[in-house]
Amino acid sequence: MVTAIVLIDIEADRIPEAAQEIADLPGVDQVYSCAGDVDVVAVVRTATHEAIAELVPGHISKVPGVLRTITHIAFREYSSRDADDAFSIGLQA
């Protein structure tokens with residue numbers, strides 16, 4: 001599984017609709033509206049790099065209102081929950 005984090009700039013009056021359209025695309029796992037340098041962050045998970053190469057420019061970028069995307073490919077996932085689970089093995093709550 002390949003994970004990418006896509007930073008998305010959207011026309012201000014289209015943020016809610018565009019974010020939902022992006023969230024409905026196959027391969028898009030999560031979408032967050034946010035404050036800061038970008039309007040929306042999408043977490044994309046696909047089977048191959050080629051699928052991301054198709055999804056971002058071929059679908060996400062073509063959603064009406066999307067102005068710009070920046071894509072970051074994830075190498076490895078780290079989770080504090082995983083570490084907490086490992087240390088709690090054998091403990092009863």
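Biologist: What share of the contacts in the chain with a separation of 6 or more joins residues 24 or more positions apart?

Modeller: The share is 66%. Contact means heavy atoms within 4.5 Å. The model is predicted: local features need pLDDT of at least 70, side-chain atom pairs count only at pLDDT 80 or more, and totals for chains, interfaces and linings use all residues. Residues are numbered from 1 along each chain as its sequence is written, and side-chain values use heavy atoms, with hydrogens and water left out.

Biologist: What makes up the chain, from the N terminus on?

Modeller: The elements run β-α-β-β-α-β-α. That gives 3 helices and 4 strands.

Biologist: In what order do the strands form the open sheet?

Modeller: The order is β2-β3-β1-β4, with antiparallel pairing. β2 and β4 are the edges; each has a single partner strand, so one side of each lacks a neighbour in the sheet. On average, neighbouring strands are turned by 20° against each other, direction ignored.

Biologist: How do you know that β1 and β3 pair?

Modeller: Two strands pair if DSSP finds at least two bridges between them. β1 and β3 have 7 bridges and run antiparallel, so they meet that definition. I5 stands opposite V43 in β3. α2 packs on the sheet and touches β1, β2, β3 and β4; its direction makes about 165° with that of β4. Such axes are lines fitted to C-alpha atoms, for helices over the stretch in contact, and the angles run from 0 to 180 degrees between N-to-C directions.

Biologist: What makes β2 and β3 a pair?

Modeller: They share 5 bridges, in the antiparallel sense. V28 has V44 of β3 as its bridge partner. The hairpin of β2 and β3 has 6 residues between the strands, and G36 there takes a positive phi near 125°.

Biologist: Why is D9 called buried?

Modeller: Buried means under 20% relative accessible area, exposed over 50%, partly exposed in between (1.4 Å probe, protein chains only). D9 comes out at 18%, so it counts as buried. D9 is found in strand β1. Setting aside residues up to four places away in sequence, D9 touches D37, V38, D39, G65, V66, L67 and R68. Over the chain of 93 residues, buried residues make up 30%.

Biologist: Which residues have the most contacts inside the largest nonpolar core?

Modeller: They are I8, I10, I22, V28, V44 and I60, in a core of 20 residues. Two or more residues come from each of β1 (2-10), α1 (15-23), β3 (40-46) and α2 (49-60). β1 gives the most, with 5 residues. A nonpolar core is a set of buried Ala, Val, Leu, Ile, Met, Phe, Trp, Tyr and Cys residues joined through side-chain atoms within 4.5 Å. I60 touches residues including I8, I22, V28 and V44, not counting those up to four places away in sequence.

Biologist: How do you know where the buried residues of α1 lie around its axis?

Modeller: The buried residues are I15, A18, A19 and I22. Seen down the axis of α1, they fall within an arc of 100°, so they line one face of the helix. The arc is that of the directions from the helix axis to the C-beta atoms. An α-helix has 3.6 residues a turn, so residues three or four places apart point the same way. The cover over the buried residues of α1 includes β1, β2 (28-33), β3, α2 and β4 (66-73).
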